[in-house]
Amino acid sequence: MITQQTTLTRHPATAQLLAQVRALEDTVAQLEEEKAGCQYQIEQYYRLLRGRVGDLLTELLAVQLQLARQRAGQTGRRSDAEAARGWQERLDSTNRVIQDAIAHQPVDLAETAQPELKRLYRQAVTLAHPDRHTADPDRMAQATAFMMQLNDAYQRQDFPTVRRLVQDLTDGRLFLVQDDTTYSIDTLRQWLQRLTDRQQALQAEIAQLTAESAYQYMTNGTDLTAHFTQLHTALTQQLAQLQR
Amino acid sequence: MPDQAPVRSSALPVSDWQQALDTVLQTPVKARPYSAQIMRQSPTAFLFLIDQSGSMDERTTYRGRVLSKAAAVAQIVNQTLLELALRCQKGDEVRHYYDIALIGYGGLNDEQAVSLWSGAAVGKFFLTPAELAGATLRVDEVTVERNIRGRAVTVTEKRPVWLNAVHNYRTPMKSAICLAESLVGQWLATQQGNDVYPPTVINITDGVATDATADELLACCDRLKALRSMDGNVLLMNIHVSDERGNSILFPARADDLGTDQYARLLYDMSSEMPTPYHADIASLFGLDQRTSYVGMCSNADMDALVKFMNIGTPTQHNHSFTANLSSEP
């Protein structure tokens, strides 16, 4: 009888910690969702960029690279060779960003489905976040793979896939989500610390993403048609100058 | 081809040392360069190129005193030379672990770099550590406070002076680099293909060359850096000392670290990439992040940076990589 009472009654400190963990998990899930939203906006910008000026931009970078290589060959200077490598990296990274953006083409989604998509995403992040499973490496690897699938689907606004993933998770088809009432005080403290760290990391990542000009153009009311027209004109002029 | 006629500093006729140098340059660099032991049988060489142009009279601060850049540089170089000599002292013997050249440019004229050794060594280019004692301009006596067993004691110390504070004329830096090229070439030839630690050239300047365009200067530096022993290429380190108003750039990893400063970019291209064994000392002495490459240059450096720079380029207590290579023979 006494034993039964002990297992059923949770220590007040444990209960308090668990409440803190759950609150912080909600916050982290919100931040994950916010970060994914920022990434979506940035990728959306690059998708538009590719459509409007992608070929021109690639051509300009290729010409810059060619000129930088010529110069490096003529002078033999270390700094010029580095500049040529820099242009190569810029060209490669621009191509990569554009290719990534194309690979994550969003699905047309009714505006009314947006809140439900966000809710499902947060629910999945709370249950499957890899930080929750640090004690079990296998489970953590499964959770990481799951999060990648989830983020990919969320950024494409792929509602059916997000719903299926969440359903699989809650049904235990992917992996069993451990019951958090069985955790010890030490484990809960460590978990809380990991969540706090993750919260700070996410806040920093979001600050970085929102500072990106691509994000700013997409969210600060910039007239994108005018913006891309202006960019097209500037790039055309620059290209003509370089080819002279 | 060098822009000036080879300087006779060795006993070998010019055609012989040129042939010997060609042989040295045909020997491939070994798999683990900059690892040769510095011993009496296989010494290394240090060449100090000192800008003595008119602008070196500008004021700077060193050890809390305001003095000319020329005076501060002279103090630091004299101290380095003394330390180099002391590192070779084993009992009463001063061992021949390296040859040392001290070259000035601008102090005597607008065109030509010259050897600065005086006394019995006038006209010589390389001195052994033992010969340094006979090549001083004078020996100063300075009163300093030392902490001995917890008590402050005033003592008089002797400070040999090889380099005077001189600041005249313009900046014939190309002449100094070409002279270094010629001297290093001859020095390598006399080593007869031995596995010797490559010579180190440290150029201390406060301005741009007045005897060459940037491209001409770079061509000289490239020729100098192409010289090598089987232990690796000659190291050319350049430091631009300033009046402490600009941003210091120390051992950069990439030209992008230098911003748009064209002079800093020139120094960057002139200087050697520092070999891996130096990296830990550079990071530790200058408080830099561990990187995969460091170029041996400092731009807008103050005098404290110059002291550290000299510590990286020469075997001092602070330089663990050099100290490890220096012979521990009894």
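Asp269(B) and Arg77(A) join their side chains in a salt bridge, with 2.4 Å from N to O. The model is predicted. This pair is the one salt bridge that the rule finds across the interface of chain A and chain B. Why does the pair count? The rule asks for a side-chain nitrogen of Lys or Arg within 4 Å of a carboxyl oxygen of Asp or Glu. Seven residue pairs are in polar contact across the interface.

Now take the contact as a whole. Chain A gives four residues to it, and chain B gives 14 residues. The size of an interface is often given as the accessible area lost when the parts come together. Here the two chains bury about 660 Å² between them. Of that area, 34% lies on carbon and sulfur atoms.

Next, look inside chain B. Seven of its strands make an open sheet with mixed pairing. Read across, the order is S7-S6-S1-S10-S13-S15-S14. What stands at the edges? Strand S7 (113-115) and strand S14 (249-250) do, and each has a single partner strand, so one side of each lacks a neighbour in the sheet. Helix H8 (residues 303-313) of chain B packs on this sheet. Helix H8 touches strands S1, S10, S13, S14 and S15 of chain B. Its direction makes about 170° with that of S13(B).

Within the sheet, follow one pair of strands. S10 (residues 200-205) and S13 (residues 235-241) of chain B run parallel and share six bridges. Ile202(B) sits opposite Met237(B) in S13(B).

S8 (residues 138-148) and S9 (residues 151-161) are antiparallel, joined by 11 bridges. Val142(B) has Glu157(B) in S9(B) as its bridge partner. Two residues lie between the strands of this hairpin. In the hairpin, Arg149(B) takes a positive phi near 50°.

Terms used. Residues are numbered from 1 along each chain as its sequence is written. Chains are lettered from A and ligands numbered from 1 in the order in which they are written. This is a predicted model: local features need pLDDT of at least 70, side-chain atom pairs count only at pLDDT 80 or more; totals for chains, interfaces and linings use all residues. Side-chain values use heavy atoms; hydrogens and water are left out. Contact means heavy atoms within 4.5 Å. Buried area is the accessible area (1.4 Å probe) that two parts lose on being put together, summed over both. A polar contact is a pair of N or O atoms within 3.5 Å; within protein, one must be able to donate a hydrogen and the other to accept it, and residues adjacent in sequence count only if both atoms are side-chain atoms. Two strands pair if DSSP finds at least two bridges between them. Helices (H or I, at least four residues) and strands (E, at least two) are DSSP runs, numbered from the N terminus. Axes are lines fitted to C-alpha atoms, for helices over the stretch in contact, and angles run from 0 to 180 degrees between N-to-C directions.
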